[in-house]
Amino acid sequence: MKYRLRHRTTYAYEREVSFARCVLRLTPRSSATQTVLESAITVTPEPSARLVRIGPFGAEILTVTVDKPHKALVIEANSRIDVHVPPAGDPDASQPWEVVRTRALNTADLSPDGPASYLFPTVRTPIVPEITEYTRQSFPPGRPIIAAASELNDRINQEFKYDPGATEVSTPVAQAFAARHGVCQDFAQIMICGLRGLGLPVKYVSGYLRTIPPPGQPRLEGADATHAWVAVWCGDAAGWVGFDPTNAILAGNDHLVLAIGRDYADVAPIDGVILASGDQTLKVEVDVIPEEEPTAAHA
Amino acid sequence: MAPRPPAGASPERLSQWLAGYRPLPGVPDELFDAAGKPRGHWLGFLREFASYPDADSDGRFGMAARHIRDSGASYRIYGEETERSWPLDPLPLIIPQAEWDQIAAGVTQRAELMEAILRDIYGEGRLVNEGVLPAAAITGSPDFLRAMRGVAPPAGRYLQIYAADLGRGPDGRWWVLDDRAQAPSGAGYALENRLVVSRAYPNLYNRLNVHRLAPFFDALRRGMAATADRSEPRICLLTPGPFSQTYFEQAHLARYLGFLLVEGDDLVARDGKVWVRTIAGLKRADVILRRVDADFLDPLELNAASRLGTPGMLEAIRAGGVTVLNMPGSGVLESRALLSFMPGLCRRLLGEELKLPNIATWWCGQAAEQALVEARLDELAVAPAFPGSGHFAEPRLAADLSPQEMAVLRQRLAERPGDFVGQEVAQLSTMPVLRDGQLQPAPFALRVFAAVTPEGVRILPGGFCRTSDRPDARVISMGEGARTADVWVVDDKPVERLSLIASGDEVKVRRILGHLPSRAADNLFWLGRYIERTEATLRLVRALCSSLMDSESSLHGRGQTFESLRRVLVDWGALDGETRPARALDSARDALHDASAWGSVTYLVRSAKRTASGMRERLSADFWGLLVDLEGDLAGGANEIHSEAQALEQVEKALRHLAGLSGLTQENMNRVAGWRFLDMGRRIERGANTCQLARTLAHDAATIDDLDLLLDLNDSQITYRARYLVGLALNAVRDLVMLDPFNTRSVAFQVAALKDHLAVLPTLQEDGILEEPSKILLPLAAELETEDAATLHADKVKTYEAALMRLSNAVADRFFLQGANAVPTVKLVGLA
């Protein structure tokens, strides 16, 4: 499935800004499940310096410096991506989850594709005993990991309320868990905390979800905006499997991966500093346009 | 020579000490050997020590310790408001040369091993790829910085300073308890401890052949300078700031080593390099010794919430434009999980056996080790495998856990085994300490420092020793009320008395040391303003007391003078204008001691001290001592004011302290930029204060009393009386206080002095265009030079006062951090 993708961020400043330096994690990366055909980032005003490097999680990171005075900063990322997620295997044929745990602790892979980097708690995804306890209910001894994780994925979807007004990007995961509500980021982080609490390796995935409103079915949440889900390492054979707890589905050909990390902090699309004293406002527009279909969703 | 005690006293004291000393059963002791006999080197020391007549009292040592308090050598516990005084034991830990040689060889080897491990982890990664180290034993550390993989350290080395915490185990061998590789602290404390102990017992220190510490620090400095690509590099010590637990140590080290003490805000990363903001603009920072944990170094790439770092720092490191030591990411070595792999890593990387063993450690991330720890849970200590991981912050003994805690631990251990290590519970050996005049054994740990120098790895002959009051001590933290001791490495032959005098060829003579950092200029300026305001407020309170006491003044109506004074004190925030105390005397007391009033003397002195504490490396110990005394005297006097005379006495005493501070700044401070900012602060404050007093007391309808009071407050009575025999006249007083360029207290004199300062301070651009401060100051100076006292009405004085306040802001904008050349950085917000 091929897509055209546009992710446009506009910062508007109350007073003129003389200097800005931004780290942009806006370049999608090719992997086993997707091929990036084209990608480009434009910044207005024109940066005085652009520096590209490979970031800690394998993706391209662009650092830009803008040193001419400006009252608006526009960052637009455009790309074409071919998503080709292989069909999921039989969940009950996957490895028992305890075997995966032991294996993950002893892999000889320090790269961002190995499981070792995603085993440990982070500031945003700490070990929360209540969340571990909640997760444990789906993980009886010996259960195949994909089956167990799928059940957890469904439970979060059923037992938590999707409520865009209830949380912010900085809401602690324990708080969203206790209140049983949130948005995609909260659900992803709850699932991460729970699985890591049991010693399992799990990634935070940021990206986009294609909008498909079939007749008579509810519209998928998170459409036409940035979306977040998780990927669980299910052993050497099965590798990373994507779970989208917001929609109770496995990540498939409608999920476009932008960045992976241990939590949101690793994948934040833009981190920046500016020399400024006034207020600022932020606008984000996202378009995910399937190339095969003429009718495109709009942000 | 120290006075000798009466014959017989010292042997008696010694035998009494030894007789009362009871080493713990089964635990090696430094003083007594296994046979229960005192060891020779300790006995020699104690014999001499006991001969000090006041050896078992606090007298001599207390005096030296007081010096520490006065020089501000205290450390701050995180989140604690008041500083705690430094708990230093009088007796040093004594280690004979032969034994020290083994320790030094062991720590040197370990420093090289640590370097080799980092080079592999952040480089090729062969240790993981080839199965020597599980990847998770590295990724579990929050100090493993993925962003640093593949980045070669600009100076070729990851570690500049490494420290090992050592303890002597039950078998009598030295063991490594912990590795310190992020930004080891304690070397500065070791220096300060040595200063105090050698000062308290100079003869003893000189007679025993104690190795000096200075050569190590000299080599460290040369080692750091050698990492830069310029011959005279600017070396900075990056501190988290005055609220850091070890801020004093950092300030002390920076001053001792001649490094610039900077905070993250003081630095700017641009064009692949790092720069210091100075009063002359941005100047290059070549080498940075960091005391900020790596995660906080760069909010752009690492912890985005950090306020301690510098955005873009990592990029400058990658570009090779700055050397940051230890290299960010070095902290990964501090994980206990790695301890269990050290013997194998040493063989593999260095081809040697470890010279100093680790404390026995099992990382539960491996199935066999997990099973072993679970089976022996009752006899092992369980500790976090990585900083902050696991269930407990510190190692715990299973025996200390409740059944509920034990159940939780077992579950956590089963579900997240990689978070834990099991460690052998080794009791630490004990050393003698003095408690209440008695010699007692106390467990101790010793931090030994290694530095990379042009001559290779070098070990500080001494260290930072911490003793515990708990006899079963295993892990000692400063936060747990432990004490510290100096460490003497004693040679059997005389040690080289190396002084730090370099030979003539090596030293290029210079008179000015680089450019003043903007933050320091800012602090000095405000220190000057606080000190001047304190003095002016004290003069007001003195006048207030005099007006109450002086019977003669009642002839002119003392009530009115009193009211004028009170009004100024209310204006200045020294008194609450709403409530009027029952007694006049209460006003004097409040203006001195009401800590809730932002203009009271107590408040101002505290502000001055706080400002000074942020740049301790720039102030002499005497200066700081006077500030501490001033605050102490004030605090002691709060409840001692029952009469005008008592209040007056306190005021006079405080004014004498301030005169001492002024004397020190005039006579002992180099006439470089720092002094100019301190003096500018004083002059602007004094000028503005004088303007306000002049328009309040020398207005067109002023009385004799008003003018008399103004001369008092302006300290110009004697000058006036000498110059005029006719008594007080309005124009003459105005001229003397406002316009007279020869009166050191006049506004004109302050402005002239300010003009001199601005004329020699650097400008940002050499285009001949005046900078903003000069644009304000020069017209003011011209006006004051040409003004006539007869037309000097209150509204005109007010414009002068306003100009001085504008000048203060312009100086801040031009020279300080919050100025226009460095608008504060704001984080971009929002989920983009």
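Me: Why is helix H22 of chain B largely enclosed by the rest of the structure?
Reply: Because seven of the ten residues of helix H22 (residues 704-713) of chain B are buried. Buried means 20 or more other C-beta atoms within 10 Å of the residue's own, with C-beta atoms placed from the backbone. Helices are DSSP runs of H or I of at least four residues, strands are runs of E of at least two, and both are numbered from the N terminus.

Me: Which residues of H22(B) are buried?
Reply: B:Asp706, B:Leu707, B:Asp708, B:Leu709, B:Leu710, B:Leu711 and B:Leu713. Just after H22(B), B:Asp715 has a positive phi of about 60°.

Me: Where do these coordinates and labels come from?
Reply: This is a predicted model, where local features need pLDDT of at least 70, side-chain atom pairs count only at pLDDT 80 or more, and totals for chains, interfaces and linings use all residues. Residues are numbered from 1 along each chain as its sequence is written, while chains are lettered from A and ligands numbered from 1 in the order written.

Me: Switching to packing. How many residues has the largest nonpolar core?
Reply: 228. Such a core is a set of buried Ala, Val, Leu, Ile, Met, Phe, Trp, Tyr and Cys residues joined through C-beta atoms within 7 Å. Those with the most contacts inside this one are A:Met191, A:Val230, A:Val232, B:Leu166, B:Cys236 and B:Val448.

Me: What does A:Met191 touch?
Reply: Leaving out residues up to four places away in sequence, A:Met191 touches A:Leu152, A:Asn153, A:Ile156, A:Val230, A:Phe243 and A:Pro245. Contact means C-beta atoms, placed from the backbone, within 7 Å. Another core, of 88 residues, lies apart from the largest one, and B:Trp572 is among its members.

Me: Next, chain A. What are its domains?
Reply: Domain 1 (2-83 + 268-290) and domain 2 (91-266). The bounds come from an automatic or database domain assignment. Their centres, over C-alpha atoms, are 26 Å apart. Domain 1 of chain A puts 16 residues into the contact, and domain 2 of chain A puts in 18 residues.

Me: Which strand gives the largest share on the domain 1 side?
Reply: S15(A), with three residues.

Me: And how many residues does each chain put into the contact between A and B?
Reply: Chain B gives 36 residues and chain A gives 38 residues. Helix H5 (126-129), helix H6 (136-139) and strand S22 (825-827) of chain B each give two or more residues to the side of chain B that touches chain A.

Technical notes
Two residues are in contact if their C-beta atoms, placed from the backbone, lie within 7 Å. A residue is buried if 20 or more other C-beta atoms lie within 10 Å of its own, exposed if 12 or fewer, and partly exposed in between; C-beta atoms are placed from the backbone.
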